[in-house]
Amino acid sequence: MSTTTAAHHDDHGHESHGHPTGLMRWVKSTNHKDIGTMYLWFSFAMFMFAGALAMGIRAELFQPGLQFVQPDVFNQLTTLHGLIMIFGAIMPAFVGFANWQVPLMIGAPDMAFPRLNNMSFWLLIPAAILLLASFFVPGGAASGGWTMYPPLSVQGGMSVDMSIFALHILGVSSIVGSINIITTIFNMRAPGMTLMKMPMFVWTWLITAYLLIAAMPVLAGALTMLITDRHFGTTFFNAAGGGDPVLFQHVFWFFGHPEVYIMILPAFGILSTIIPTFARKPLFGYASMVYATAAIAVLSFVVWAHHMFTTGMPVAGQLFFMYSTMLISVPTGVKVFNWLATMWKGSMTFETPMLFSVAVVFLFTIGGLTGLVCAILPVDIQLQDTYYVVAHFHYVLFSGAAMSIMGGVYYWLPKWTGHMYDEKLGKWHFWTTTIAFNVTFFPMHFTGLAGMPRRIPDYSQQFAEFNMISSVGAFALGISQLLFLYVVIKCIRGGTKATNQVWEGAHGLEWTVASPAPFHTFETPPQVK
Amino acid sequence: MIDGDKKTLLSKINKRLAWKLSIIVFAGLMFSFAVAPLYDVLCREFGINGRADSTATAFDTSQKVDKTRWVTVIFTGNTMPGLGWSFHPKQTSMRVHPGEITLTSYTAKNNAETSQLGVAVPSVTPELATLYFKKIECFCFKEQTLKAGENKEMPIMFYVKPDLPADVHTVTLNYAFYNGNAGLSQAALAEKAKSALN
């Protein structure tokens, strides 16, 4: 029964006797690996669901006119697609990686607060149920956009309350999870692992966790004010009572912009792990990577109003936010060039994780560049709320965050399951995803520049061709993810036995334990030289 | 045994750090609530967002009327959903000298079948001019109640400060009339209308 290599620690009682089985193993789990696995599966389920909503959006936009859904349903699809992808798919996926990898990478036996860790995960379930169930209440799901701007979010029906409540729960989960991660990283590193010897992925998560505990409460505050405006007669966001709807946008984006980096910094960490492995060179400029990540995090708190250039800010304010936004491209550029320098003259091979990483560096940079375009004040006034913005944030969130997650899954899957995944199918998944992604979102730059507004179910005849291309790409992108599911399940069920090191160029503590990683690892802390 | 001691020590250190981190969480929460009043004060002080005062300003007698300069003041008004009134400026624009006290008015008519309480929220465009547009008397200083079918003239007395930046030639004053009924019964409204008359 016992699969642990550290079973000789008799004084640890039940901990050394393998793991419980059946359903209760998962419900009551305090094991970081099990919880990480649950996070990743939860995230994948949400990814497929929100992806299905996107299929609905693209089906409606396949042709001009209204074919499949009514405008109010269309708005529900876009709203819930955004909310679920951000809070249900991307964020939990990164927390899943943190759970699996942070203790393994720093040589800790588990997270600092295993029970809180269990709670963080199980809080996700009621939140997800609230979001999914909101489709079935009178009036349908929230339809005012994922940003929940008043007055629409104040006027909306019961589903808005459900969404707000879901976000509150998800916020608590993220905050508790982040405190757990920070505590683990600060207090439970193996002897000899100084902060500047930590793997880059751990660094990016440490900084992300700080962003989370600073930004999520601000969202909680904004949502609470929304609730009291809706039900208790306050007028924070109602001009009739002396409030201001624009205030919500300020508070929301004060959370929202750090949130953007919450969704991309761990992706940077994954890239900084994968690229050195397959370039067979250490990460170029490790220290500058750490400082760049910290700089991005600090700057993320002073750029929020670039989301609201058209709300009527004073010119001085607009200029400040324009320049501060552009400043972020400096540390981001440091990172991109460091990855390129890591690859430079390396002995590169292109297994699936590396393919994903190289694609992310390229595609994320496109998304970063269009972000810079959007930061230019006079241009942004033209582009605000057009498909150009949709193209921009899908290049950073899909080809930035989601594709790094996929790369990370392929990279660590052998360590998690003990089997090599099917390389050929993995490559198929990579190429179909990458091509379909570009077919979907690249034309949106053009429709956006031509003036097609986002969140509208119908459009002018002139946008018909590009929208049809986008829709075809989107369907292909959706189907490709079923292949991903198949590859992962196939790998769990069997395959070539993975070695402990798995990849020739992989370095770090997680590659010193057996594959699959035993239920308990590093009960005796390893010594880091 | 030593291992066990180490464990309790670690768990103690962990808990201490977790509590310290929750201070950041608490500060974030407090900050988000503090932003609401802070935003209000900043907007009014610096005239951000076109937020105009809803309070009377005493006329500064020391300032002179600048006869050499004309400023066009445009008046607009609209009612928000939930208030069944028609509301228009009597005169849509006028030319004034900075420093000159001017009187004009809006007319409002209640088209609904019940008494309604309205709250007018002023705003000034360009935002920069907000700080230089002063109201001595205005219907927006208090709530207005109109009985069903009632027609009312709503006066406003204002002046533009002479130190209005030279590149501002036109100032637009807008009123958005909101329904202020929120939870008031018809009887309470009638009472309010009565006290307003006295």
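**Helix packing in chain A**

In this predicted model, helix α2 (residues 32-60) of chain A packs against helix α4 (residues 114-133) of chain A at an angle of about 20 degrees, with the axes 10 Å apart. That makes α2(A) roughly parallel to α4(A) (angles under 35 degrees count as roughly parallel). Residues are numbered from 1 along each chain as its sequence is written, and chains are lettered from A in the order in which they are written. Local features need pLDDT of at least 70, side-chain atom pairs count only at pLDDT 80 or more, and totals for chains, interfaces and linings use all residues.

- α2(A) contributes His32(A), Ile35(A), Met38(A), Tyr39(A), Phe42(A) and Met46(A) to the contact, and α4(A) contributes Asn117(A), Asn118(A), Phe121(A), Leu124(A) and Ala128(A) (residues are in contact if their C-beta atoms, placed from the backbone, lie within 7 Å).

**Overall fold of chain A**

- Chain A has 17 helices and zero strands (DSSP runs: helices are H or I, at least four residues; strands are E, at least two).
- The C-alpha atoms of chain A fill a box of roughly 70 × 50 × 45 Å along the principal axes.
- Among contacts in chain A between residues at least 6 apart in sequence, 81% join residues at least 24 apart.

**Interface of chains A and B**

- The contact takes 29 residues from chain A and 30 residues from chain B.
- On the side of chain B that touches chain A, α1 (2-46), β5 (116-125) and β9 (170-179) each give two or more residues.
- α1(B) gives the most to that side, with 18 residues.

Definitions and conventions:
Axes fitted to C-alpha atoms, helices over the stretch in contact; angles between N-to-C directions. Parallel < 35°, antiparallel > 145°, perpendicular 65-115°, else oblique. Contact = placed C-beta atoms within 7 Å.
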